[in-house]
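Welcome! Let's take a walk through this structure together, one stop at a time.

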Amino acid sequence: MARVALIKLFTGLNLAPAQLSGELLRAGHKSKIIYFKNYEDHLVGEAGNYEVADFSGRLYSIDGRELIWNCYKPFSDTEYELLINELRDFAPDVIGFSLYSGIIKESAQVTRKLREHFDVPIIWGGAGPTLEPELCIPHADLVCINEGEEVIVDLANRVDAGLPWDDIEGTWVKAADGTIIKHKNRPNIPLNNIAIPDWKRGNYVHINADQVKRGRFPQNLGREYPIMTQRGCPFSCSFCIESRYQEMFGKKDSLRRRSVDVVLEELRWAKQFLDIETILFYDDVFTVNPQWLREFLPRYKEEIGLPFWCYTYPTTHNVELLKSLKAAGCISITMGVQSGSERILRDYYNRPTKMTRVIEAGREIVEAGLTGFFDLITSNEFDREEDLRATFEFLLEFPKELKCVAFGEMISFPTYSYSLMSEQN
Ligand code: SF4
């Protein structure tokens, strides 16, 4: 049995540590999940008092305040000490970091600190290392490219058996002499085989504000159970990581959905063992594959019966589908709109959609009796006055019942096709 510590810098939804921990436990290993530090939003005028992660941005709240998101207070000596003590108690054989591109420098900082105390392999995985392994491998011993379920178990098995771990498919490895070994990617994993994620409170530690809290999720993981029935997306928006994954690993077969039986098995487990009240389906677009939904929704209502939330897309639902979601327990739904300008949607976002259809899709949400939310990106650099006017006109026509909780500006993550357009602009 290997002991694997999974570190997630900053709070926020992250299914990966729970999933990887579930895989490790199922394979007979031991794991501990440590959330280190909180993200905070602060008014623009106050953000200078904080550190700000890369690829952060401005958020315009509905009451007109301008906020900077992904701020944090610097890592204190006490917080480092708490982290090191937690790890010492656990005595890890492997340490894993789950990260995106915005926190490479912070992850490097914590990794450096941990190397002073622990002589074990350190693996980085997640969206950041997958998109920019060359920036990550200088800091880690291994970088996991793409999905990590099989990689983390393979690594734990080898460490446990005292075998070399420098030839694991789906990783880049830094050899002792500093040479980088780039192994071939693994194919996307079959989702029906993934483990039930580890949401047992006893395996969680949360360190922030010079305090350690054990057996407690970070505050944003309360009585709501997050789950994905699918990975991938049928669309390829230029500003979204899904389009980048499709370019890197192939679009064909990238959209995978777990079987109805497997999803319900996980939800039955969650309902029985966790104190949950609501299900959050974090599928990129839950309202695709009507045949799957026809099988799933009645069984969900009968076997789980908890209220739920999910995402939709303007062209993937109709009012009948939305009514069947509501009948199964859906109480609210979020639809991506992103711009009221067809020019921006078509020429820059790669999501050509007629605004008449977006408005109709909003009305269908209201007609179905669901509480609706919508996402809108503001402040993109390609907007002309005519685009801003189009968005303004769109908002006047869009049903007022749908709410937008905040307006965020466009953030260009490295290597996305939107970012390449932005660089050329
Ligand atoms: S529909 Fe949503 S998840 Fe899919 S590519 Fe577009 S932004 Fe990404």
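**Where two helices cross**

The crossing of helices H10 and H12 is right-handed (left-handed would mean that the near helix is turned anticlockwise from the far one by less than a right angle, right-handed that it is turned clockwise). H10 covers residues 319–328 and H12 residues 355–367; their axes come within 9 Å and cross at roughly 35°. Helices (H or I, at least four residues) and strands (E, at least two) are DSSP runs, numbered from the N terminus. Axes are lines fitted to C-alpha atoms, for helices over the stretch in contact, with angles running from 0 to 180 degrees between N-to-C directions. From H10, the contact (heavy atoms within 4.5 Å) is made by Val319, Leu322 and Lys323, and from H12 by Glu364, Ile365 and Glu367. By class, the residues of this contact of H10 with H12 are three nonpolar, no polar and three charged. Here Ala, Val, Leu, Ile, Met, Phe, Trp, Tyr, Cys and Pro count as nonpolar, Asp, Glu, Lys and Arg as charged, and the others, Gly among them, as polar.

A word on what you are looking at: this is a predicted model, where local features need pLDDT of at least 70 and side-chain atom pairs count only at pLDDT 80 or more, while totals for chains, interfaces and linings use all residues. Residues are numbered from 1 along each chain as its sequence is written, and side-chain values use heavy atoms, with hydrogens and water left out.

Now for the loops. Pro314 is found in the loop between strand S18 (308–312) and H10. Pro314 counts as buried because its relative accessibility is 1% (buried means under 20% relative accessible area, exposed over 50%, partly exposed in between, with a 1.4 Å probe and protein chains only). Not counting residues up to four places away in sequence, Pro314 touches Met335, Gly336, Arg351, Thr353, Arg357, Val358 and Ala361. Pro314 and Ile359 are 45 residues apart in sequence, and their C-alpha atoms are 8.5 Å apart in space.

Ile304 has its place in the loop between helix H9 (290–303) and S18. Ile304 is buried too, at 2% relative accessibility. Leaving aside neighbours within four places in sequence, Ile304 is in contact with Leu264, Leu267, Arg268, Lys271 and Arg299.

Next, the ligand. Which residues are around the ligand? They are Cys233, Phe235, Ser236, Cys237, Phe239, Cys240, Glu242, Asp284, Tyr313 and Arg351, where near means that a heavy atom of the residue lies within 4 Å. This shell has six nonpolar, one polar and three charged residues. One of the residues around the ligand, Cys237, is buried, with a relative accessible area of 8%.

What about the cysteines? The structure holds zero disulfides, a disulfide being a pair of cysteine sulfur atoms within 2.5 Å. Cys310 is in no disulfide; its nearest cysteine sulfur, that of Cys330, is 4.3 Å away. Cys310 counts as buried, since its relative accessibility is 0%.

Finally, some backbone angles. Most residues other than glycine have a negative phi. Asp253, which is not a glycine, has a positive phi near 65°. Asp253 lies in the loop between helix H7 (241–249) and strand S16 (256–257), and Asp253 is exposed, with a relative accessible area of 54%. Gln338, also not a glycine, has a positive phi of about 75°. Gln338 lies in strand S19 (residues 330–338) and is buried, with a relative accessible area of 10%.
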